[in-house]
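Visitor: I have a two-chain model to go through. Can you walk me through it?

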Amino acid sequence: MPPEIELFGVMMPSLLPVFLLSFALMVVLDLAIGRAGLYRRLWHPSLFRFALFVCLFGAAGLLLIR
Amino acid sequence: MSATTTAKLPRWPWLRAFLAEESRAWLFVAKSLLAMYVAAWLAMWLKLEQPSTTMITVAVVMHPHSGMVLAKSFYRALGTLAGSLFGLALIALFPQQRELFFLVLSAWLALCAGGATLYRNFMAYGFVLAGYTAAIVTLPTVGNPLNSFDSAVMRVSEVLLGILVAAVFSDLLLPQRLRVVLRQSARTQFARFIDFVRESTGGALPRARMEQAHLEFVRAAVHLEDLRASVIFEDPEVRMRSARMRLLNQRYMAAATSFQSLHHLINRLQRRGRDAVAQALIGAYRPIGEALSLPLAEQHDPALLTRHLRVCAERLPAHVATFRARFDEPAARLEFDTGAALVQRFADELADFTAVEASLRAGNLRGSVERVHFRRGNDLAGAAVATLRTFLTMLVLAAFWLASGWAFGGSAMLLATIFAGLLAASPNPIAAATRTFYGYAGGMAAGFVAVFVLLPGSEGFAMLVCATAGLLLIGPYLATRDALPGVGAGYTLGFVYILALKNPMVYDPTHFLNDAIAQVAGLGLSGAAFMVMPGVTGTQWQRRRQLRLLREQVTLAASAPLPGLMWRFESVSRDLLQQVVAHTRPDSEESHHLLAWSLAVQESGRAVIELRQELSGTDLPATAREASRAALEAVADLYRAPTPPRWQVADAAVLAAIHAVPRGATARSHLYQLRSALRDEESPLGAYMPLPEAAHAA
């Protein structure tokens, strides 16, 4: 993916759709982890959530955008 | 004196409490300040136009509990996106016609303010935001439409950055969990309800005591729903439990209504001199009290309570039959059967309630549960007046701005927009506006000192923090004091707004003072608008309307489609009561009147729903059906607009239905309950009873 994409005649950073996609993925993962009860075994669940999101977003950004 | 030495000295418990409270407050202050400065730094690093917008966002969103922050952030993000899209569309449609532009902008702001009054959680906040983001995006660029797209992108980025930073900081750094508050309130509520039921199994419960308890339980039910709506953002586990928590609240409300109905019935029987029946009912109901009487340590253990209550509910029919045998006379049988049906219903509902609580506490969330919703009771006319007021305020301001050519009119209008929206939902907007005004003015004075005394000598971001932190922390600290609501928020906003951090910083005293005057004027004008066109919330007019809406719940119970009606009835009627009660003085004549009506509505409405379920489920002769329908209609009519003639019609119709329904049918006891509720001289309906009858009944 190029670093900028065109949307309705406006240039946008392609990180934006990547961010939205990883956010959607995060919501799904969050539900699954919550359902499995894994959050109860963690020291700091919100830190884990945040870190997981950073990993997802970072990985997706690095892999998809060249 | 350190905290450890005080722990050893029980002589000073107040000091411990004081230190605990102070440490919580200072933790919040530290988190707010850190989040604000990090947000400002990030905004400067990302080269956003106005880092102050980001700081303001953080200031507005910050709350001691992280669930509140996340809920607020979520709705703020939605509101910001909706508002900026509308703002862009507006600029695109009317780039040249400023009159039309202001007309449509005022209409949009007004609609958002009106929509906000329909919700009582942070959804309302989202509406306000959608309104004022449109103003934030369009007003600064109104003279230069070509810039407005960039301006919109900038504002949205600044706001979203602020939201992100606030959410991350409040959720990661020593989070104060709202979940804990929710769990504690839920447990307290559970324990209080169980205690109350256990203590009142002895017999009579005076009406005044019942009104108090009713009020307390209604508050608890609405409060829990409000907390639940915020906690789901904090914790994915709570989100999964959410459906069960809703069910718990609904079952709790159902059980409370049955309990009150039973006690109304026993009270009435005692007043009529039917002591034998009343005593038999108290006897029939004793096993529930015994099932709840556990050793102190296990008194509030829901799993154990459920087991006991289930056994009790199973044995109840046999137990009740022994009492029933005492009565041969048909009238006494009917009275007793009505009470016995209520006892059975209450036992089942109480067991259902404790069972849900037990499964929640055990974390046993397998399988799905019935989906129920807590419905809110809303008054559309109130929202319409709020819409109109905002519309007129904005129109007047815009006209003044256009006519006077005031260079800082935009600032004034922006501030008026923000506060007209934020304060509209508060119970006493004028007082809130005044307090915010003082806070805001104080914040601006502090801002002046910071900008022209402290900042000019500083260099770099670290110096900026050092120069402003001391003055800034006053705001969040004041916000943690309950004694001065609004002052802290006003101070923080005023300080950050007028500081107008930019990179590089601009020092311009003339601009500063002009802007400050405009902002104070805007804030003052939004307060003046509340005085000229008083808020509808809490006025006599709205209270009367809400009382009528509350009464009409019985009409609704008699006519709306049956599926899900019971849940809807129980929650809407309580939500309405809670809204009206919030604006009446406790222990006043008005509040008693209101509570009395609420109890009557709960009892009759529930009886109406039970009767309708009975009619749709069982085979009854056609004449009995007809008569029951007529009775339902007559009762619905009476509650819609109570008058003595309607009371007589309703009374006669219910009596006719009782005669038409064959003996032994359950529908009969529901009808009897309706009739005895009509003839209750302690309920407000008693006032419509013809006089000789009242004398006879007494």
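Guide: What follows covers confidence, chain A, the interface, and some local features of chain B.

Visitor: What should I know before reading any numbers?

Guide: This is a predicted model, where local features need pLDDT of at least 70, side-chain atom pairs count only at pLDDT 80 or more, and totals for chains, interfaces and linings use all residues. Residues are numbered from 1 along each chain as its sequence is written, with chains lettered from A and ligands numbered from 1 in the order in which they are written.

Visitor: What are the ipTM and pTM scores?

Guide: The model has ipTM 0.83 and pTM 0.76.

Visitor: And what is the mean pLDDT of chain B?

Guide: The mean is 80, and 92% of the residues of chain B reach 70 or more; pLDDT is the predictor's confidence in each residue, from 0 to 100. Helices here are DSSP runs of H or I with at least four residues, strands are runs of E with at least two, and both are numbered from the N terminus.

Visitor: Where does pLDDT stay under 50 in chain B?

Guide: One such stretch is residues 1-7 of chain B, with 7 contacts beyond four places in sequence. Residues 694-698 of chain B are also below 50. Where pLDDT is low, the predicted coordinates should not be read in detail.

Visitor: Switching to chain A. Which elements does it have?

Guide: Chain A has 2 helices and 2 strands, in the order β-β-α-α from the N terminus. Its mean pLDDT is 84, and 100% of its residues reach 70 or more. Confidence in chain A is lowest in strand β2 (residues 10-13), at a mean of 77, and highest in helix α2 (residues 45-64), at 89.

Visitor: What radius of gyration does chain A have?

Guide: Chain A has 15 Å, whereas a compact globule of 66 residues would be near 11 Å. That rule is 2.2 Å times the number of residues to the power 0.38, and the radius is taken over C-alpha atoms. The C-alpha trace of chain A spans about 45 × 20 × 15 Å along its principal axes. Of its 66 residues, 9% count as buried; buried is 20 or more other C-beta atoms within 10 Å of a residue's own, exposed is 12 or fewer, and partly exposed lies in between, with C-beta atoms placed from the backbone.

Visitor: How many residues of chain B are in contact with chain A?

Guide: 8 residues of chain B are in contact with 9 residues of chain A, a contact being two C-beta atoms, placed from the backbone, within 7 Å. On the chain B side, α10(B) gives the most, with 4 residues.

Visitor: Now helix packing. How do α22(B) and α23(B) cross?

Guide: The axes of α22 (residues 565-581) and α23 (residues 589-617) of chain B come within 11 Å and cross at roughly 175 degrees. The two helices are therefore roughly antiparallel, the class for angles over 145, with under 35 as roughly parallel, 65 to 115 as roughly perpendicular and the rest oblique. Axes are lines fitted to C-alpha atoms, for helices over the stretch in contact, and angles run from 0 to 180 degrees between N-to-C directions.

Visitor: Last one. Is Lys47(B) buried or exposed?

Guide: Lys47(B) counts as exposed because it has 9 C-beta neighbours inside 10 Å. Lys47(B) lies in the loop between α2 (13-45) and α3 (51-61) of chain B, and has a positive phi of about 60 degrees although it is not a glycine.
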